[in-house]
Amino acid sequence: MKKIWTLLVILLLANVIIAQENTPVQFVFSALRTNDSLVQFTISAKIEKGFQLFGAKKQNAEDAFVSALQLDETNSARLLDTIVEQGKQVQIAAADDATVIYKVFEDSVQLAYLIRLAAQDSLVLKGQFNWLCKQADQFPSGSVPFSIEITPANKSAIAEKSDVANQTLWQIFLLTFLTGLLAVITPCVFPLIPVTVSFFLKRSKTRVEGIRNALWYSLSIIGIYTVPTILLVLIFGDDILYQISTSAISNLLFFAIFLVFAISFFGAFELQLPNSWANKADQKAGKGGLGGIFFMALTLVIVSFSCTGPIVGTLLGQTSTGGVSTAPIVGMLGFGVGLALPFSLFAFFPSMLQSLPKSGGWLNSVKVSFGFIELALALKFLSNVDLIYHWRLLDRDVFLVLWIVIFVLLGIYLLGKLKFSHDSDLPYVSVPRLFFAIASFSFALYILPGLWGAPLRHLSGFIPPDGTQEFNLDALKYQIGNTPTQSPSTNSLAQPPKRLADKLHVPYGLVAYFTLEEGMAAAKALNKPIMLDFTGHSCANCRKMEKEVWKDPEVLKRMKENFVLVSLYVDESTDLPVKEQYTKKDGDRVITEGDKNLDYEITQFGFNAQPLYMFLDLNGKPLSSIKYGYDPDIAKFIAHLDAAKAAFDQHK
């Protein structure tokens, strides 16, 4: 009898396991605080092929053919009647009545709910999700229980910020590491690999000593790129590289430098640091020992400057735009590791030197190709200055035309149809050159529709914003039907934006104020909360957020209907009226609109990076302590907007 009972238990457990494995939907439950009083509870569902999951109902809905969230009695009162659904949505008609339409999802869907919970409180959220699916004429269903612990705001917020920061730094390190590896094949570095490695192996008494010397050589390269960046931050402050990257003067200087580099790469002249620097470093390198090896590394950095300098400048500019001092340091660390790694690898495995291609004309082709890319990057820096000073020389369409021409010429060069004075004869096109030419032509064709307003979302951080393009088909759909009477900021209760409205614009038919004073007056007239958008002309991540998040219909709807948008440009060059200019506590004079906006961001929110989205009530007090920056997660941004609106409604 005991064996029979054991067998029955095993069969029962097997049936349960099989039933779970055959469930057509797999669920993952998570919770994230969005402000001091609200938590976003998210149900992520993965739906098997051939099945459709019915959408979720709100609390007061009576429809039977829906899925539903059911919390236990102690938590149900905390649930707000708001659901944000993100996924591949399909509409189907009821079998008995074609006029009745149901909403179902395929592949996957995220359902976001809002839970009331004070910042200092913790909670174990328990309940179940009752799901309903459709497969042909079948309607499988089931319930999935869950239990999630929500910690007080200070703990969860710190954890989230740490995770996001770590992820971003890892991405920066990977990008710069790959760029460092790419720099190895430049004509300034590549020929030095076999010479340097052979020198280590021949000079060292044993193979172990040779490997040790090569490792020290690589570490010296890494230190030469990383330590000066650290010192710059320590001496001038955390935001020095960010200030440099967003300054109009530094952007103009970068444009000039990159233009000169490009002309040099095309062969007009040879650009290099003073020979005396390299000679002094080379003399010290000949003294031997670890000090001599360090100066060998310094010699490499100096003589390769004409190839690596533009790359380093670009990386510093891109990694500094987040306002975080750690980012450019990690960037230089990644670049140094990528550049130094081959020297160590070839010292470990000298036989690999035989597999390296011989130096020759292909290295010059690489250099010229870099010249085209440097020319394109130079226009990016000039565009930043153009936007800051409103010159309107490099509007989006003009910028795209120049980029299209540059990358078409690069493709023609790679095919051997365009030659420079120092190029070797090209009897045939190699397979790598062909593929690079295809990539260059493809990129030019990709950006071509941008001349008529195609979004070009993947380039949103590099090209001028849509508002600088006069003929934009994509913008027409946001303008049609958007009459002044329909715009919340221009109805009879609120004055339309005046200050800077002739210079600054926001996309997608949105109406924004560009000073806090005008925005606050409109918010009080309309009885709506303020959405503060700290942004900048040279802010790449700001443009990405606009393209990747703001453009979503659900986001756009909420921004138009629920908030008064106030966009504060921290690099706007327009002078403040004399009576509004003032001196900060540190003695610096605030004389431009951008100076004032940046000072307000730092003093009020302790933040100096863009984008930053903060939400204010009618008294100018924050509705949330969360400093919401760049995050392309649309569902998360929608939940944050809803939470801010709910917090405003609660405090009316």
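A: In this predicted model, Asp 466, Gly 467, Thr 468, His 505 and Val 506 lie nearest the centre of the second largest pocket. The lining counts 40 residues. (A pocket is an open set of points on a 1 Å grid over the protein atoms alone, where a 1.4 Å probe fits, with protein on both sides within 12 Å along at least five of seven lines; lining residues have an atom within 4 Å of a point.) The volume of the second largest pocket is about 920 Å³, counted as the space filled by probe spheres set on the points.

Now for the elements. Helix H12 (361-389), helix H15 (473-479) and helix H17 (540-550) each give two or more residues to this lining. (Helices are DSSP runs of H or I, at least four residues.) H15 gives the most, with 5 residues. By type, the lining has 18 nonpolar, 11 polar and 11 charged residues. Asp, Glu, Lys and Arg count as charged, and Gly as polar.

Next, the cysteines. The structure holds 1 disulfide (sulfur atoms within 2.5 Å). The disulfide joins Cys 539 to Cys 542, with 2.1 Å from S to S. The torsion about this S-S bond is about 85°, so the disulfide is right-handed. Both Cys 539 and Cys 542 are buried (under 20% relative accessible area; exposed is over 50%, partly exposed in between). Cys 133 also counts as buried, because its relative accessibility is 0%.

Ser 247 sits in the loop between helix H6 (240-246) and H7. Its relative accessibility is 24%, so Ser 247 counts as partly exposed. At the start of H7, a side-chain oxygen of Ser 247 comes within 3.3 Å of the backbone nitrogen of Ile 249.

Follow H7 along. Its 18 residues (248-265) should span 26 Å at 1.5 Å a residue, and the end C-alpha atoms are 26 Å apart, so the two agree. (The expected span is 1.5 Å times one less than the number of residues.) Buried residues in H7 include Phe 254, Phe 255, Phe 258, Phe 261 and Phe 265. Ala 248, Ser 250 and Asn 251 are also among them. After H7 comes Gly 267, with a positive phi near 100°.

Residues are numbered from 1 along each chain. Local features need pLDDT of at least 70, side-chain atom pairs 80 or more, while totals for linings use all residues, and side-chain values use heavy atoms.

Definitions and conventions. Buried means under 20% relative accessible area, exposed over 50%, partly exposed in between (1.4 Å probe, protein chains only). A polar contact is a pair of N or O atoms within 3.5 Å; within protein, one must be able to donate a hydrogen and the other to accept it, and residues adjacent in sequence count only if both atoms are side-chain atoms.
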